[in-house]
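Reader: Could we go through this structure together? I would like to begin with the ligand and then turn to a helix.

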Amino acid sequence: MANKRKGDTTNDTGMDTKTEVSNKDSGSAPNTAPNDTQDKSTQEKIEQTHEQVTDDIMHHPALVSPLDDKRIEIKSNLTRDSQRLKADDHPYEYDVVVLGAGPAGEAAAMKLSKSGKKVAVIDPREQVGGNCTHVGTIPSKALRQSVFNLINYRRDPMFTQAMDYHQVPLNKVLANARHVIRRQVNTHTRFYERNQVEVIHGWASFVDAHTLRIELDDNVFEELTFNKAIITVGSRPYRPEILDFDHPRVFDSDKILQMDYAVKKIIIYGAGVIGCEYASIFTGLGYKVDLINNKDQLLSYLDSEISDAIAHDFRQFGVLIRSNEEIDHLETHDDYVILHLKSGKKIKSDAILWSNGRSGNTEGLNLEAVGLKANSRGQLKVDDTYRTDVEHIYAAGDVIGWPSLASAAYDQGRCAAAFMVGDRDAEPVSSVPTGIYTIPEISSIGKTEQELTDEQVPYEVGQAFFKHLARAQIIGERSGVLKILFHRETLEILGIHCYGNHASEIIHIGQVVMKCNNTLEYFVNTTFNYPTMAEAYRVAALNGLNRIF
Ligand SMILES: Cc1cc2nc3c(=O)[nH]c(=O)nc-3n(C[C@H](O)[C@H](O)[C@H](O)COP(=O)(O)OP(=O)(O)OC[C@H]3O[C@@H](n4cnc5c(N)ncnc54)[C@H](O)[C@@H]3O)c2cc1C
Ligand SMILES: NC(=O)c1ccc[n+]([C@@H]2O[C@H](COP(=O)([O-])OP(=O)(O)OC[C@H]3O[C@@H](n4cnc5c(N)ncnc54)[C@H](O)[C@@H]3O)[C@@H](O)[C@H]2O)c1
């Protein structure tokens, strides 16, 4: 539970108490003030709130809801007025500075603030949320949802006939994503405001072990001093020198969000998570896709049955998977590109999306000034407490490499801060589920069949195919499977692998059961709602138990 501090304006439900006062003023809440003194103080509070509302509008003119033109209520002046005392004994301006306002930075800042530290978060973007909100997880998932809806409309005979379906440019399909981003920014801005974390917009680089230089604008710099720092600067697409990303037909996962023309055919180079998710998005939009994989299997770290299933479905939807291939060079023309592969193959297409890896954003940090060095992918090495080789500097999120997921980045940031403030129960992030938002989704936790076979663990498999589940039939899910791998003697659950829509949600039921050290019998001895997708666990468990003799 967070420490409640003087000046904290949130109550225990997370609601803003000043907003409640404002509601009373507008007559929407019952007036229960019992005496004159309280009436007077309520009136003062109302006036203060009105002053603050005007102040907020002046300082955050952009924070107006796009849907109803209502000002987003935030408490901007709390940060400016905060008279927070530094908890630590040191001569610096801040207890901790956090470099980067993505999920890792935000979680670190919230934990530090709630532990009573004076914190500043620095990020060059005008808005918080990091690459996750602006170019990564959020836009790609919102885009996927729009495409998913489009696919369902097209399958429905009622709409197929009514809709004159043409190829739509990607940036048009992104309209919904823009709303989601805006809402996410508003939500996260309030978190910073309410937790009195100062957000400074600029590029940070180290001057020495306790000083940062911030580029606020072109050639406008400011310096600040700090006792400790957490580096959460995230990552960006890796751009090999042989490609010209300024060319209008050459894209990476950031630039693709601006694609303003429709294409018929696209090459996706790199069949990792980003490449596979975009293969689903593009085929959903009706594009033909050449997916270039430098390995022999798609997403080879997945259970091979699941990996085979996605490859099979991709082919059905018009993706041509080219395995064990490597780029030689790319020929660019005004309205097409030709990819030359080392195997001698040539592929002509309207555009190319390069989705082969990411690099940590450490280049501009002047790490030498603090005695740190990033690896060849721009990533920093940390120990189990997220501490770098320099004692007072920690790092979390994409910049430390594995697993490079928003889900884990948030937990890593919080844990890094917890270790920094000396929480006894802090634990490093170790077990992370996979959630891949292809169409259909893939999600898994624990070991794969290949791993268990290599380790000579006597396991058994329980399966449930979605097509047999009542709920799946009702909602029209035709493909999908849930696989539970369990120890055939102890019935311990060793791995859960799910392929099909809602897989990324379904997996968490199994994750909890695993985490609580329940065996496969839990799913048989527990009554599930019917009809649900969760019923897949009961079906799979029974299927597995029937294999035991
Ligand atoms: C297309 C795509 C889809 C994805 N989908 C998913 C998904 O579905 N699920 C999932 O869990 N993960 C997904 N990810 C991964 C996820 O987005 C990242 O793991 C996550 O954003 C990492 O968070 P972070 O806090 O480490 O950094 P980021 O989100 O990268 O934020 C870092 C911030 O630091 C700032 N910064 C950089 N340099 C400096 C500097 N010198 N000074 C100050 N600030 C600086 C950056 O501007 C940025 O705002 C996806 C990624 C991509 C690219
Ligand atoms: N749903 C999700 O969870 C989701 C969705 C999209 C992206 N992501 C995250 O984004 C990250 C990037 O995904 P991806 O598909 O681009 O690639 P990837 O990390 O899967 O790697 C693709 C290939 O590029 C190579 N590579 C990686 N970084 C490199 C670098 N800096 N220089 C040279 N080669 C490099 C890798 O070895 C690999 O062969 C992944 O780590 C993934 O976790 C997650």
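Predicted model: local features only at pLDDT ≥ 70, side-chain atom pairs only at ≥ 80, totals over all residues.

Reader: How many residues surround ligand 1, and which are the closest?

Author: The ligand is surrounded by 35 residues, and the closest are Ala-104, Asp-123, Asn-131, Lys-141 and Asp-398.

Reader: What kinds of residues are they?

Author: The shell around ligand 1 consists of 15 nonpolar, 15 polar and five charged residues. Elements that each supply at least two residues of this shell include α4 (103-114), β2 (119-123) and α12 (406-420).

Reader: Which oxygen contacts does Asn-131 make with ligand 1?

Author: An N or O atom in the side chain of Asn-131 lies 2.7 Å from an oxygen atom of the ligand. For Thr-137, the corresponding distance from a side-chain N or O atom to a ligand oxygen is 2.9 Å. A polar side-chain atom of Arg-125 is 3.2 Å from an oxygen atom of ligand 1.

Reader: And how much of the ligand does the protein cover?

Author: On its own, ligand 1 has 1,000 Å² of accessible area, of which the protein covers 94%.

Reader: Now the helix. Why is α10 described as largely enclosed?

Author: Ten of its twelve residues are buried, so the rest of the structure largely encloses α10. Among the buried residues are Cys-276, Glu-277, Tyr-278 and Phe-282.

Reader: What span should its twelve residues have?

Author: At 1.5 Å a residue, α10 (residues 273-284) should span 16 Å, and its end C-alpha atoms are 17 Å apart, which agrees.

Reader: What follows α10?

Author: Gly-286 follows α10, and its phi is positive, near 95°.

Definitions and conventions
Residues numbered from 1 in each chain as written. Chains lettered and ligands numbered in written order. Heavy atoms only, no water. Near = heavy atom within 4 Å. Polar contact = N/O pair within 3.5 Å; in protein donor to acceptor, adjacent residues only side chain to side chain. Areas by Shrake-Rupley, 256 points an atom, 1.4 Å probe, with all protein chains shown as cover. Helix = DSSP H or I, 4+ residues; strand = E, 2+ residues; numbered from the N terminus. Nonpolar A, V, L, I, M, F, W, Y, C, P; charged D, E, K, R; others polar. Expected span 1.5 Å × (residues − 1). Buried < 20%, exposed > 50% of the residue type's maximum accessible area, 1.4 Å probe, protein only.
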